[in-house]
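Subject: A structure to look through

Dear colleague,

I am passing on the structure we spoke about, and below it you will find some notes on what turned up. Please keep it open beside you while you read.

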Amino acid sequence: CTGGGLAVNLAQAFKMAVKSIWSKKMRSLLTMLGIIIGIAAVMIIVSVITGANKKSMEYYESMGTNKISVSAQLYSGGDAFEEVYNYCKSIDMVVGVTPTGYVGGTVKYGAKNSQSMEYPPQIYLGSDQYSMCNNFQIDKGRDLSYLDVKKYSAVCVLGAAAAKNFFDAADPIGKDLTIAGANFTVVGVYAQKDFMNQGYSLDNVIVIPYTSQRYLSEYSDLSDITVKVKDSASVNQVIALLNGNFDNWNQTGRGNFWCYSDQSWQDQSNQQALMMSLVLGAIAGISLLVGGIGIMNIMLVTVTERTREIGIRRAIGAERKSIVIQFLIEAGVICGIGGIIGIAIGFFGTAIASKLIVQSVLLPSPVITIFAFLFSVALGVLFGMFPAIKASKLQPV
């Protein structure tokens with residue numbers, strides 16, 4: 001058979017398959033149902049979990065990368081932060097150190113009061129390296145300085161959301177906020193970085209020098225510390241150096257010290273997302289398996305219905321492979337059409353589910369879409385193989 005003849009035969013087989021499917025529309029649609037549900041479910045699950053994981057990674061990146069979280073406390077009441085800070089200055093790989101102590105208390109400006117806000121600002125004690133460690137950039141005014149920390153200056157820098165909540169469109173630079181009973185002058189505003197800006201946004205923060213907590217009516221210790229290193233390759237080295245220098249606190253009972261990399265949370269998040277994708281994907285895959293069995297069943301019925309046609313074709317010289325190809329194409333077309341419908345439903349389902357779950361409209365990637373279609377066709381060919389072979393073995397009589 002020549003290449004051109006083969007192409008004609010395949011085209012004719014395709015037309016016959018479409019005609020056969022169209023002549024029994026309802027039965028074909030019911031046969032496709034398992035494939036449609038399975039493909040749509042897999043696309044929605046994979047796309048939403050991938051999108052949610054991407055949003056999670058963006059959140060971690062907005063908080064700052066290459067960070068080490070440290071918990072250090074001296075039982076004697078000494079300044080654990082100063083000891084950690086001084087040691088970190090001797091490590092070339094460290095580019096910034098700041099406490100991340102949280103201060104409770106009310107924030108007031110004029111008639112505005114944080115207690116009446118649905119999402120009050122988070123008040124943090126930081127060093128002049130707070131913005132570097134937490135990936136903030138100054139938008140207006142200036143950042144906290146070394147002198148602010150050393151001179152116990154009553155100044156503060158606002159996140160973009162906090163500035164909007166208290167000052168609306170007005171320029172907050174130079175204005176005074178009352179924080180936990182003390183007056184603090186606004187010297188700067190950070191640029192917005194949390195563009196979802198819902199709930200407890202990363203931008204809804206107020207940062208004050210950690211030494212100025214002496215003015216506050218509420219006290220916070222400085223046991224929580226963030227250490228920023230120059231690159232991800234240096235993170236484990238710095239952790240080893242910190243543990244090697246401060247582990248004697250735990251051994252001698254002087255205090256407690258432990259540290260970990262924020263990358264471990266990202267790795268854990270990736271692993272959880274992968275595990276969830278596998279579990280939910282396997283559940284959705286059961287629908288595809290059921291759909292494939294349905295394809296096999298209906299193709300076996302088709303073989304029985306078309307016994308006379310197959311016998312006549314064999315009697316006039318049709319080869320077994322021609323009959324096999326005919327039935328495989330029909331099974332592939334059924335699954336291919338089901339896959340296209342499932343993909344369309346998957347697009348709508350992904351958009352709706354992602355909006356509800358991650359508050360952002362996501363769509364399946366082209367790779368997922370192409371894979372879903374090819375997989376549906378392959379599924380039809382796989383489960384149509386047994387009926388096709390059975391049809392080709394029928395005797396002309």
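In which strand does N256 lie? Before the answer, please bear in mind that this is a predicted model. N256 belongs to strand β13, which covers residues 255–261. Setting aside neighbours within four places in sequence, N256 is in contact with S71, A72, Q73, Y75, W249 and N250. The C-alpha atoms of N256 and S223 are separated by 9.6 Å, although these two residues are 33 residues apart along the chain.

A second residue to look at is E330, which is found in helix α10, residues 320–358. With a relative accessible area of 2%, E330 is buried, and, not counting residues up to four places away in sequence, it touches A17, S20, I21, M299, T302 and R306. As for the helix itself, the 39 residues of α10 should span 57 Å at 1.5 Å a residue, which agrees with the 53 Å between its end C-alpha atoms. After α10 comes Q359, whose phi is positive, near 55°.

Finally, there is the second largest pocket, which holds about 350 Å³ of space. It is lined by 19 residues, of which G78, D79, A80, Y219 and L222 are the closest to its centre. By class, this lining has nine nonpolar, six polar and four charged residues, and β1 (67–74), α3 (80–88) and α5 (146–150) each supply at least two residues of it.

Technical notes. Residues numbered from 1 in each chain as written. Predicted model: local features only at pLDDT ≥ 70, side-chain atom pairs only at ≥ 80, totals over all residues. Heavy atoms only, no water. Helix = DSSP H or I, 4+ residues; strand = E, 2+ residues; numbered from the N terminus. Buried < 20%, exposed > 50% of the residue type's maximum accessible area, 1.4 Å probe, protein only. Contact = heavy atoms within 4.5 Å. 1 Å grid on protein atoms, 1.4 Å probe; cavity = no way out; pocket = protein on both sides within 12 Å on 5 of 7 lines; lining within 4 Å. Points joined across faces, edges and corners; volume = space filled by probe spheres on them. Nonpolar A, V, L, I, M, F, W, Y, C, P; charged D, E, K, R; others polar. Expected span 1.5 Å × (residues − 1).
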